[in-house]
Amino acid sequence: MSQRYFVETRISGARATLVDAEAHHLAHVMRAKAGDQVILFDGAGGEYAAVVERVARSTIELAVLAHRAIERELAAPVVVGASLPKGDRQRWLIEKLVELGVTDFVPLATARGVAQPVGNVVDRLRRAVVEASKQCGRNRLMQIQPPQEWRAFVCDAPAAAGRLIAHPGADRTLADVVRGAPSAAAAGVFLGVGPEGGFTDDEARLALSAGWTGVDLGARILRVETAAATLAAAAAIMLGESAPSSNDA
Ligand code: SAH
């Protein structure tokens, strides 16, 4: 896959401009010059072949050559609700969920949740989405949704979707749900992961009584981000992500 850059404003005409971190990356890290070919994406679908026309101090002007309707998405939406871990692990979580094809991330407010997104956290998470999308070839951005209470997340998920809550000791294994899944997953998959302190019994019960399936992820206790990535990988399998890819990178 060639060098990919994210354009903040929708590409509509024959020109595009890179600004901020993207301009910096192309100008100062990649040392672009006029005539260099790159790929642009604006998060709205597909990607664009483009050529650098002018490198200015903080912006880069490009000529857009052609749109290619290439998507690297899963067959249906995958929504992950998780309590945010602390520090650097937030970035790792977001990066892996983007790579795995998750479409929406919802920071959850739970009884034992610690880090809620405040201040510029959402901006930082969104930047992590862009970086991961550049690297993995996604042309649509995983959306960082506003924080939600666990109850709202549980109750708003459509009953037609696959709905899995990771909870140690739950009576289904990951293998059970992956095997039984394809029909349930066609309408999308919602995944719930608790905070480091775990879901309370009430929170787990709420989901189960709303029709969610509890999943045990094995004998070891996983970090929030490991549990979320594991569930997201299972969702990708449920959605039929098994064909060999034709990536060139
Ligand atoms: N002490 C907590 C562990 C929390 S781990 C407890 O016993 O519940 C953080 C979250 O990751 C959990 O709330 C759960 O959603 C998920 N998780 C971690 N390990 C898991 C496992 N082995 N099985 C199921 N879910 C797990």
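I started at the hairpin that joins β4 to β5 through 4 residues. Strands here are DSSP runs of E, at least two residues, numbered from the N terminus. This is a predicted model, where local features need pLDDT of at least 70, side-chain atom pairs count only at pLDDT 80 or more, and totals for chains, interfaces and linings use all residues. I count residues from 1 along each chain as its sequence is written, and side-chain values use heavy atoms, with hydrogens and water left out.

Next I checked the pairing (DSSP must find at least two bridges between two strands). β4 and β5 (residues 60-68) run antiparallel over 8 bridges, and A50 sits opposite V64 in β5.

L40 has Y48 in β4 as its bridge partner. This hairpin has 5 residues between its strands, and G43 in the turn shows a positive phi of about 85°.

On to the ligand. Which residues are closest to the ligand? I found A166, G194, L217, R220 and L222, out of 19 that surround it; a residue counts if one of its heavy atoms lies within 4 Å.

A ligand nitrogen is 2.9 Å from a polar backbone atom of L222. For G218, a backbone N or O atom lies 3.1 Å from a ligand nitrogen. With H167, a polar backbone atom is 3.3 Å from a nitrogen of the ligand.

Notes: Polar contact = N/O pair within 3.5 Å; in protein donor to acceptor, adjacent residues only side chain to side chain.
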